[in-house]
Amino acid sequence: MRQMLTARVTAVLIALSLAAPALAQSTMVRGKVIDAKKEGMPNVTIVVESLGGSGRKLTTKTDKKGEFVQLLTESGMYRITASDPKIGSASNETRGVLGKPSGIVIVLVPSTAANNDAKAAELKEVFEEGVNASRASQHDVAIEKFNAALALSPACFDCQFNIGVALMAKKDEKAAEEAWKKALEIKADYAEALNALSTLYNNQKRFDEASAMSAKAAASSGGGGNPDAIFNQGIILWNQGKIAEAKAKFEETIKINAAHPEAHFQLGMAMLNEGKLAEAVTEFETYVKLAPEGQYATQAKGMIAQLKK
């Protein structure tokens with residue numbers, strides 16, 4: 001996202017951020033472990049492992065009905081592994097979204113446990129190789145790895161999303177758009193893909209499509225509201241010159257997540273356009289406090305110094 005000041009109180013935003021600040025809420029994964037007869041299996045050990053950077057593992061057990069519940073405090077992909085000393089283990093994966101519980105069923109039988117474990121381990125290894133390649137800007141390698149992961153798990157919407165990210169880094173917007181659409185074919189309420197398409201359409205000045213995708217992203221989080229999606233709606237309105245409506249979206253974002261740095265910065269820019277200099281300074285100071293090394297920190301500090309003269 002880049003800003004260009006054309007006057008002391010005027011700004012034009014020409015791109016939007018995909019930052020994903022943490023929400024002060026939780027979610028849970030509910031599941032059931034069943035045997036070959038589809039009957040619940042009690043006292044099975046359940047390990048919930050984050051596939052993100054934290055690698056955190058949580059352990060619980062199934063109840064007498066074979067059911068379990070595990071609270072989660074962050075969004076992301078999780079591997080759920082069910083283990084029984086007499087049978088073995090089996091795994092499945094799900095995406096946890098804050099404020100939106102997810103469900104999963106694991107079939108645990110002797111004939112499938114070892115195969116499931118091996119397949120899950122291979123999927124994890126290939127996917128992580130794709131992530132590492134992407135971080136190293138080896139985009140063709142990343143695409144190859146994520147396609148290999150898709151061959152192992154055709155329902156891997158994260159694979160499709162990451163293929164889109166790599167294609168976008170290669171400046172292939174059309175192919176990136178198709179990859180993100182495929183991710184949505186697998187998971188229609190996948191907020192990351194919806195936001196990515198919203199950003200793409202906004203940058204291409206396809207504002208109606210951008211608004212539609214952003215609205216779906218905002219709705220995907222359930223009743224709590226998705227602050228990033230709402231912020232993106234504000235950016236789209238800003239780029240259309242609808243400053244007052246954009247300001248309302250930035251205020252709504254902050255109401256949901258007061259620690260959203262970019263929303264404070266953009267609200268400050270909206271205040272500048274209204275000539276409310278003291279209020280603008282407050283928002284810029286909040287941005288600097290929340291993101292002292294953020295992408296707009298230098299710009300915000302400069303405007304604070306200028307407006308306080």
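Over which residues does pLDDT stay under 50?

## Model and confidence

pLDDT, the predictor's confidence in each residue on a scale from 0 to 100, stays under 50 over residues 1–24. For these residues the model has 72 contacts beyond four places in sequence, a contact being heavy atoms within 4.5 Å. Where pLDDT is low, the predicted coordinates should not be read in detail. For the protein chain, the mean pLDDT is 82, and 86% of its residues reach 70 or more.

This is a predicted model, in which local features need pLDDT of at least 70, side-chain atom pairs count only at pLDDT 80 or more, and totals for chains, interfaces and linings use all residues. Residues are numbered from 1 along each chain as its sequence is written, and side-chain values use heavy atoms, with hydrogens and water left out.

## R95 in strand 8

R95 is placed in strand 8, which spans residues 88–96; strands (E, at least two residues) are DSSP runs, numbered from the N terminus. R95 counts as buried because its relative accessibility is 11%, the term meaning under 20% relative accessible area (1.4 Å probe, protein chains only).

The R95 side chain makes polar contacts with the side chains of D158, at 2.6 Å, and E192, at 3.2 Å. A polar contact is a pair of N or O atoms within 3.5 Å; within protein, one must be able to donate a hydrogen and the other to accept it, and residues adjacent in sequence count only if both atoms are side-chain atoms. Not counting residues up to four places away in sequence, R95 also touches residues including G76, M77, F157 and Y190.

## S91 in strand 8

S91 lies in strand 8 and is buried, with a relative accessible area of 17%. Its side chain makes a polar contact with the side chain of T81 at 2.8 Å.

Methods. Helix = DSSP H or I, 4+ residues; strand = E, 2+ residues; numbered from the N terminus. Buried < 20%, exposed > 50% of the residue type's maximum accessible area, 1.4 Å probe, protein only.
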